[in-house]
Amino acid sequence: MDIRQLETFISVVHHKSFTKAAETLYLTQPTVSNHISSLERELDSVLFIRTRKSVFLTKSGSVFFEHAQNILRNYQEMLDGLNCVRDAMDGHINLYASSVPRKHFVPKLIKSFSDLHPQVTFSLVNEDSEAVLNSLISGETNFGFVGMKLKSSKLEFTDIMKDELVLITSLDAYPQLENYSAIPIEEVLDHKLILREEGSGTRNIFESALSEKSIALSEHQILGYVEDPSTIIEMVRTGIGYSVISIHEARDLVRCGLLKAYHIQDLDLKRSFYFAYSPDMQYVPINRIFKAFVQENYSKLFSDEKTPLE
């Protein structure tokens, strides 16, 4: 027994005709007859008395008619309830993000989305890129914003913004050079470096670029590994070492006169930031809406950023 058979049965009752029921339901008359015959076999009951001019319910048919109407009514109420949930514009969205997109992309994204859906709330967790991706794979979060990709069938990525790592120094370093001048890598390696923790997309890009030039950092070249980007910036300001950070981050610090920033010659430090998600996750309605919003609007949200990438 299925819903279509019940709909056919009720239509025959209302029209007292197999032919008119077929026309109303856009079915052939043999299909209507098959639906009724299937119900009668399954119920082991005769539901209609058929005459040349009309059809009438038997006593069994009358009992079944009352229940069939209730079943269809409950079925429609169920569909209406599911539609309300599916179309709901409220809910809570969990986001994980590495430091650069968390500061320079996600706030704009949340603002634009909240303008359209003010009832939606957010959780925003700051982790390095590797931790974000692992959280997506394990199902701890639905969406992530990261500075690196991971080959996995459980992840998909949308490229949302371009970036480049630049060297940052204290204000008294290289007084003869303007900001965003190019400095040879050999000069950079003569100074102590402060790097992000393992798993950071920034560190991964920097070490990969060095590796492409067959350069391996020795222990005496590393001052330390620091998880918090703000702490790294403050350490560089004191003049105890250099570091590499996103040009999006450096731009604000240079403009405020806190640090100097330079391109590193002969190293390819350009990268992308990604919107990451699991294709296998069962998304609630608001998450599907959010995912589509990000993929459709990321270029508009970031089009006003003026970054000296060249």
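Predicted model: local features only at pLDDT ≥ 70, side-chain atom pairs only at ≥ 80, totals over all residues.
Arg196 belongs to strand 8, which spans residues 193–196. Its relative accessibility is 11%, so Arg196 counts as buried, the limit for that class being under 20%. Two polar contacts of the Arg196 side chain are described here. One is made with the side chain of Glu197, at 3.1 Å. In the other, the side chain of Arg196 reaches the backbone oxygen of Glu227 at 3.3 Å.

Positive phi values in residues other than glycine were computed at Asp44 and at Tyr180. For Asp44, phi is near 55 degrees. This residue is located in the loop that links helix 3 (29–43) and strand 1 (48–50). Asp44 counts as exposed because its relative accessibility is 70%, the class requiring a value over 50%.

For Tyr180, phi is about 70 degrees. Tyr180 is likewise a loop residue, placed between strand 6 (156–169) and strand 7 (182–184). With a relative accessibility of 22%, Tyr180 is therefore classed as partly exposed.

Note on methods. Residues numbered from 1 in each chain as written. Heavy atoms only, no water. Helix = DSSP H or I, 4+ residues; strand = E, 2+ residues; numbered from the N terminus. Buried < 20%, exposed > 50% of the residue type's maximum accessible area, 1.4 Å probe, protein only. Polar contact = N/O pair within 3.5 Å; in protein donor to acceptor, adjacent residues only side chain to side chain.
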